[in-house]
Amino acid sequence: MPRHDFLIPLNFKHRVCFTRDAFSSDNSLLAELLEEGGGRRVLVLVEEAVVDLWPKLASEIEGYFADLGFDWRGIRVLKGGETVKNGDELVEAVWHTIDEEHIDRHSYVITIGGGAFLDATGFALATAHRGVRLVRFPTTTLSQDDSGVGVKCAVNRFGKKNWVGAFAVPFAVVNDFQFLHSQDEETRRAGLIEAVKVALVKDDEFFQWISMNMEALAELKPEVLEECVERSALQHAKHIAEGGDPFESGSSRPLDFGHWAAHKLEQLSGFSLSHAHAVAVGLALDTLYSAKCGLLRECDAERVIDVIEMLKLPLWHEALDLRDEDGRRRIHEGLEEFREHLGGELTVLLLRELGRGQDVHHLDEGLVDSCLDELRRRYAVVKKAEGRC
Ligand SMILES: NC(=O)c1ccc[n+]([C@@H]2O[C@H](COP(=O)([O-])OP(=O)(O)OC[C@H]3O[C@@H](n4cnc5c(N)ncnc54)[C@H](O)[C@@H]3O)[C@@H](O)[C@H]2O)c1
Ligand SMILES: [Zn+2]
């Protein structure tokens, strides 16, 4: 029987923009982006928490579009946060709105909110009509410095993170710095962990810059925070565009450094622990492991742990000690779940140097346990010191 192999070339333009006050009448960025795609119909979905913080946002957006000649389909305000990724409601609500407003593949849907809101609405938009044009406005530190510029969307199922989702390149991403300074201090600082991650695996100069600007970052000095977010977002986008595997068909996942444990820990904590906090623990664990298995210099591992501590992020969470009936720590299940989710051979990135990773295909469970014991010990010391203050 004859066999025919066809090559299907695909090229996507990934538009990543940085601005401030995108909806003020003298800011033409968004209008120019939408003109570029040629679509006319526009619908906006905004996370409720964002509208609560900017009560005038809806009227500003309506004012912005009033004279631009688009087929304006209005604004919908919807709930966000991690819980929306655990249920069906938000995805269903978005599908209904797409249908009611006759949004088609050439229409634009602008989504404004945190990473969880963008993930869940993004999934609904990637699947409605097999994909409508999405313009993302991330509003948290983590979503601006990482997830917002990504080409993935997902919701959680079977108690597992991002179990159902899609790869879909957004039409554009607009990082509007007006949204960046309203989260509480701890959450804003925590979102910087993804910048630390991408610096550690891709860009030693960026890691040096983070270390040198640590005090200003910990104090959330606006211009330093914005520079950090921008550098991180661009480094993530660069990896996606130029790393050779935008839709992750291979096994190597540098941007998932520290994430095998982070995703399991989020689940073990019943999703009470945020993604950013879980990533901090996951980074600390895989950094310590990199040193203990002889790949990374001890002094470099200490520098990474120092940065995590200066961001006032945790090195430990009590769910790391949850055990199954055989006494095995449940966090270890995260490795197999990570492999299954990504497919193929287990591939975990460890650090070789600051700014350079190395893929490995096996982690020694005993060594992981001794790293966890050490993290618990360090955490206890920090807590004790805090108690004395
Ligand atoms: N798709 C990807 O490639 C990718 C990558 C990394 C992370 N993620 C996902 O992103 C999610 C985490 O995103 P997150 O850290 O933004 O959390 P989040 O979306 O849960 O937002 C955190 C909290 O901040 C609120 N919020 C949103 N914008 C705000 C603002 N401007 N000011 C004050 N509060 C605001 C939200 O309502 C929420 O309560 C996780 O679900 C994670 O799995 C996805
Ligand atoms: Zn992450």
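Helices here are DSSP runs of H or I with at least four residues, and strands are runs of E with at least two, numbered from the N terminus. Good morning, colleagues. This is a predicted model, in which local features need pLDDT of at least 70 and side-chain atom pairs count only at pLDDT 80 or more, while totals for chains, interfaces and linings use all residues. Residues are numbered from 1 along each chain as its sequence is written.

I begin with F338, which is found in helix α16, residues 333–342. Is F338 buried or exposed? F338 counts as buried, because 21 C-beta neighbours lie inside 10 Å; the cut-off for buried is 20 or more other C-beta atoms within 10 Å, with C-beta atoms placed from the backbone. Leaving aside neighbours within four places in sequence, F338 is in contact with W260 and H263, contact meaning C-beta atoms within 7 Å.

I turn now to the largest nonpolar core. A nonpolar core is a set of buried Ala, Val, Leu, Ile, Met, Phe, Trp, Tyr and Cys residues joined through C-beta atoms within 7 Å. The largest has 110 residues, of which I193, L265 and V281 touch the most other members. Helix α14, residues 275–292, gives the largest share, 11 residues. Domain 1 (15–179) and domain 2 (189–388) both contribute, so this core lies between them; the domain bounds come from an automatic or database domain assignment.

Finally, the sheet. Six strands form an open sheet in the order β1-β8-β5-β4-β2-β3, with parallel pairing, where a pair requires at least two DSSP bridges. Strands β2 (residues 41–47) and β4 (residues 108–113) are joined by 5 bridges, and L45 has T111 in β4 as its bridge partner.

Conventions. Chains lettered and ligands numbered in written order. Buried ≥ 20, exposed ≤ 12 C-beta atoms within 10 Å, placed from the backbone. Contact = placed C-beta atoms within 7 Å.
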